[in-house]
Amino acid sequence: MSSKVYCLAQFKPKVGKEAELFRVLQSLEPNTLREDGCIQYRVTRQISSPFAEGESFPIVFNEIWANMAAFEAHCQRQEIVDFFNTYCVAEEGLAEDWNVCVYSDEPESYDRPQLPV
């Protein structure tokens, strides 16, 4: 597996809660960018374009992590756990639905050289 991990974390806000959810997600950026292994962590919102008419959740985090360990450590930080419990899982949360996926940029059968330890 590639050492870099790419994550797309998508959020579908409850009706009328998009701006509020976006602001809450933006508040996670400063501390996350300080984490070891965080290369990119940017929340974005979908905008209109006649050249990109696909369907997606309207708010998406675009993340790049140095490796799977860094990504998994991030997911276990209390601030991130609290975010999901408060804004996604809780009945009164701002998110109607969410989808978090991780990706590698290497083909499955890539013969990556082993670096000396």
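This is a predicted model: local features need pLDDT of at least 70, side-chain atom pairs count only at pLDDT 80 or more; totals for chains, interfaces and linings use all residues.
Local features required a pLDDT of at least 70, side-chain atom pairs counted only at pLDDT 80 or more, and totals for chains, interfaces and linings used all residues. Residues are numbered from 1 along each chain as its sequence is written, and side-chain values use heavy atoms, with hydrogens and water left out.

Side chains of opposite charge can pair when their charged atoms come close. A salt bridge was defined as a side-chain nitrogen of Lys or Arg within 4 Å of a carboxyl oxygen of Asp or Glu. Five salt bridges were counted by this rule.

One of them joins the side chains of K12 and E96, at 3.2 Å from N to O. K12 lies in strand β1 (residues 5-13) and E96 in strand β4 (residues 95-103), so this pair ties together parts that are 84 residues apart in sequence. Helices (H or I, at least four residues) and strands (E, at least two) are DSSP runs, numbered from the N terminus. Accessibility was classed as buried (under 20% relative accessible area), exposed (over 50%) or partly exposed (in between), with a 1.4 Å probe and protein chains only. K12 is partly exposed at 32%. E96 is also partly exposed, at 45%.

A salt bridge also links E29 and R42, with the closest N and O atoms 3.3 Å apart. E29 belongs to helix α2 (residues 29-33) and R42 to strand β2 (residues 38-45), so the pair ties together parts 13 residues apart in sequence. E29 is buried, at 10% relative accessibility. R42 is partly exposed, at 45%.

K17 pairs with E20 at 3.7 Å, N to O. Finally, E35, R77 and E79 are linked in a network of salt bridges.
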